Amino acid sequence: MSDSHIQQCIEWLNWYIQQYGPPQKDPSAVARLIRATADYLDWMKSVNYSSATQHLHRRQLELFLDFVKNRRLPWQQLFTVTTREHFKKISGLATTAAINGLSRYLVEQGQIKTPLPQHPQQRKLTGIFEDYLRYRQDGHQTDTHQLVAIRRVLSALCDYLNEQDIRLHQLRIEDLDAFMAKFCQPFSPGTCRTYRTIVRGFLTYLHHQCGILKKDLAPLLIGAVQFAKAKPPKFLRPHEVKQLFESLSVNSAKNLRTYVMVHLAYTLGLRPCEICRITLDDIAFKKAQLNVEDRKNKQPLTLPIAEQTLKAIVAYMVGGRPNSQDRHLILSLSAPYGPIVPGLVGRYIQEAMHKAGLSSTPYWLRHSYAQHLLSSGASIYEIKQMLGHRHIESSRKYLHIHTDLMREVILDEPL
């Protein structure tokens, strides 16, 4: 350990004693935690975590130190799920990223045996419910966050069916409506839509994959908000597209990253989740092509990359993409450099649109891409393929986008 490192530990210990007084109840556990915290924060700085992240972790660990100091907890009990959940309840924190991170650091240092799981332990389901989770995980490449949400909804559905003494093969749409009304009561409309989608997926699995349900009930499970979806998708007009691209800046790594994400969304019609999954191996620079593997319809597709989009990708790789072993194209700008989640892709694109004075969402760019396909004479089936839709019904709504073609497509009248 370097002299400067030792000095930082001493300063941390002195600061803690000034703030909270000398540890009295369990000196060994508290002292070890103080030293471990100082080492961890020093490590975060050495690997270039952002100042904001370092400040967040320092603040959470200060609270955790205070929590440990006021309880008789031995060292071996500090990093357990029970202790973490108790601390989370007492402190009122929504997340405990710092405690989780410190536990992983201590495992690497050989000071504890097992890191804290990043997600709370959820009960294990049985039978067909657990089979469906494995089916989603193995066959659909469902990420961890989605699996947590699916398990949460299926656990509640399983409990409800047991309470009402309903067997899966006896399920009726009335039973499902009653469950959704009860389960979704405390959630926002957006969350309710997500949970309905999860239940629909399970119902389709019961019908098509297992044959437990004689009829697929998924299309019948419709929330009240669905009745308002007869409106055509919104898209950007030509002057708005020009306004957006003229407002984009390329004077920083973050702006270069947003610049390339907007190009990918507008010129290729990619969803945020598809943008964040692109790897360097998916891009054929000489052929100016992008191979999109993981799509909703499970049909990989090779798309041509526009010249301006290819230039944007190269500019980002040269001037904005961090030096990382990770092969994903879009990476975080703070260590450890790794892929970002779809929600952040959407947020950065929307921030750029709002900066340009456009009250729109990232999906407007995808809708604009569909309009260009329709204007160029693409058929509804070609649009379905290019957009990666599972069902033709999802593509039909784009017939409403181009008003000049509505009468020709729907009424079979010449223009």
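Mentor: Of the protein's contacts with a separation of 6 or more, 58% join residues 24 or more positions apart; a contact means heavy atoms within 4.5 Å. This is a predicted model, in which local features need pLDDT of at least 70 and side-chain atom pairs count only at pLDDT 80 or more, while totals for chains, interfaces and linings use all residues. Residues are numbered from 1 along each chain as its sequence is written, and side-chain values use heavy atoms, with hydrogens and water left out.

The protein has 415 residues, 44% of them buried (under 20% relative accessible area, 1.4 Å probe, protein chains only). Its DSSP runs give 18 helices and three strands; a helix is a run of H or I with at least four residues, a strand a run of E with at least two, numbered from the N terminus.

Now the cavity. On a 1 Å grid over the protein atoms alone, a cavity is a set of points where a 1.4 Å probe fits but cannot get out. One cavity of 30 Å³ or more is present.

Lining residues have an atom within 4 Å of a point. For the largest cavity they are Ala265, Leu270, Arg271, Pro272, Ile275, Ile349, Pro362, Tyr363 and Arg366. Helix H12 (272-277) and helix H15 (363-375) are the elements that each give two or more residues to this lining.

By class, the lining has seven nonpolar residues, two charged and no polar ones. Ala, Val, Leu, Ile, Met, Phe, Trp, Tyr, Cys and Pro count as nonpolar, Asp, Glu, Lys and Arg as charged, and the others, Gly among them, as polar.

Note on methods. 1 Å grid on protein atoms, 1.4 Å probe; cavity = no way out; pocket = protein on both sides within 12 Å on 5 of 7 lines; lining within 4 Å. Points joined across faces, edges and corners; volume = space filled by probe spheres on them. Buried < 20%, exposed > 50% of the residue type's maximum accessible area, 1.4 Å probe, protein only.
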